[in-house]
Amino acid sequence: MEDVTQVTQSAQGKTESYFDGGVLQLLGWRILGGLVTSITLGICYPFAVNWLYAWEARHTVINGKRLKFTGSAGGLFGTWILCLLLSIITLGIYGFYVPIKLRKWREANTFFEDEIPTFDAEQKLRAEKASYFDGGFWQWLGWSILGALVTICTLGICYPWAVQMVYSWEQRHKVYCKRRCTFDGTAVGLFGTWIVCLLLCIVTLGIYSLWIPIRILKWKAKHTNLLVNDSSIA
């Protein structure tokens, strides 16, 4: 559990956290990524992942600092092939570990745009391992299972609680340029938005569902802040 005495840099009165990507952009990248992945039978999935991660990062601002994803599909390709082979050998069991591998690779290649003005600056931060994800597989699995159970048992009504639990855990384990993130979003705060989204999906015969991922990304970014002090980072 994070130290409750740690103080967050609040967006109010200081610098704002937000996501400014649009639904058509997200839809376009997902369609392109899906086509590339399907046509290559999954071999070129790293390209789809890289495109989506880069798009999401450049539209995410945390306390006034815009993110920049510097990973490449080539850098992920070897890891992806290894994951595929291990998943085949273990009859799919290793596949459960893949999401954590992707998270670690993603955050290790994500920095604040204003802190990598040059290639040398980026390489220096890489050498220092200034950005990383330190969440563990069993933690992620536990929160994911708990969230799924809560959602299923309540017939989807308590889905916001599942989302909040997983996102809160995930955000607290992200470090960008030696600054750890924290998350102050609540399930109650998301509940109203979720109900509105469900009603709009019903009214539009499901068409509004295309906007839900963007609504979630905006809510997620809005409630992500940076810790002012974090003794766990040297």
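This is a predicted model: local features need pLDDT of at least 70, side-chain atom pairs count only at pLDDT 80 or more; totals for chains, interfaces and linings use all residues.
Strands of a sheet pair through backbone hydrogen bonds, and the pairing can be parallel or antiparallel. Here we have an open sheet of four strands, in the order S2-S3-S4-S5, and the pairing is antiparallel. At its edges are strand S2, residues 18–19, and strand S5, residues 110–112, each of which pairs on one side only. If you look at strand S3, residues 60–62, and strand S4, residues 65–69, you will find that they are paired in the antiparallel sense over two bridges. Within that pairing, Ile62 stands opposite Lys65 in S4.

Please keep Lys65 in mind, since the next topic starts from there. Side chains of opposite charge can pair when their charged atoms come close, and this structure holds 12 salt bridges. One of them joins Lys65 to Asp114, with the closest N and O atoms 3.2 Å apart. Are the two partners buried or exposed? Lys65 has a relative accessibility of 16%, and because buried means under 20%, Lys65 counts as buried. Asp114, with a relative accessible area of 52%, is exposed.

Glu122 counts as buried at 13% relative accessibility, and Arg126 counts as partly exposed at 26%.

Now consider Arg180 and Asp134, whose side chains meet in a salt bridge at 2.9 Å, N to O. This pair links distant parts of the chain, with Arg180 in strand S8 (residues 179–183) and Asp134 in the loop between strand S6 (132–133) and helix H6 (137–153), 46 residues apart. Arg180 is buried at 5% relative accessibility, while Asp134 is partly exposed at 32%. There is also a network, in which salt bridges that share partners join Arg103, Glu107, Glu170, Lys174 and Lys220.

Let me turn to the cavities. How many cavities of 30 Å³ or more are there? The count comes to two. The largest cavity holds about 200 Å³ of space and is lined by 18 residues, of which Glu56, Thr60, Leu67, Lys174 and Tyr176 lie nearest its centre. The elements that give two or more residues to this lining are helix H2 (45–58), S3, S4, helix H4 (98–108), strand S7 (174–176) and helix H9 (212–222). By class, the lining of the largest cavity has nine nonpolar, four polar and five charged residues.

The second largest cavity has a volume of about 30 Å³, and the residues that line it are Leu190, Thr193, Trp194, Cys197, Ile212, Arg215 and Ile216. Helix H8 (187–203) and H9 are the elements that give two or more residues to the lining of this cavity, and H8 gives the most, with four residues. Sorted by class, the lining of the second largest cavity has five nonpolar residues, one polar and one charged.

My last topic is the aromatic side chains. A pair of aromatic rings is described by the distance of the centres and the angle of the planes. The structure holds 18 aromatic pairs. In one of them, the rings of Tyr53 and Trp105 have their centres 6.2 Å apart and their planes at 40 degrees, so this pair is tilted. Tyr53 is in helix H2 and Trp105 is in helix H4, 52 residues apart, and the pair links distant parts of the chain. Tyr53 is buried, with a relative accessible area of 14%, and for Trp105, also buried, the value is 14%.

Phe137 and Trp140 form an aromatic pair that is tilted too, with 6.1 Å from centre to centre and 40 degrees between the planes. Phe137 and Trp140 are three residues apart in helix H6, about one helical turn, and both Phe137 and Trp140 are buried. Finally, Tyr94, Tyr97, Phe137, Trp138 and Trp140 form one aromatic cluster.

Definitions and conventions. Residues are numbered from 1 along each chain as its sequence is written. Side-chain values use heavy atoms; hydrogens and water are left out. Two strands pair if DSSP finds at least two bridges between them. A salt bridge is a side-chain nitrogen of Lys or Arg within 4 Å of a carboxyl oxygen of Asp or Glu. Buried means under 20% relative accessible area, exposed over 50%, partly exposed in between (1.4 Å probe, protein chains only). On a 1 Å grid over the protein atoms alone, a cavity is a set of points where a 1.4 Å probe fits but cannot get out, and a pocket is an open set with protein on both sides within 12 Å along at least five of seven lines; lining residues have an atom within 4 Å of a point. Grid points are joined across faces, edges and corners, and a volume is the space filled by probe spheres set on the points. Ala, Val, Leu, Ile, Met, Phe, Trp, Tyr, Cys and Pro count as nonpolar, Asp, Glu, Lys and Arg as charged, and the others, Gly among them, as polar. Rings of Phe, Tyr and Trp (its six-membered ring) pair if their centres lie within 6.5 Å; planes under 30 degrees apart count as stacked, over 60 as edge-to-face and the rest as tilted.
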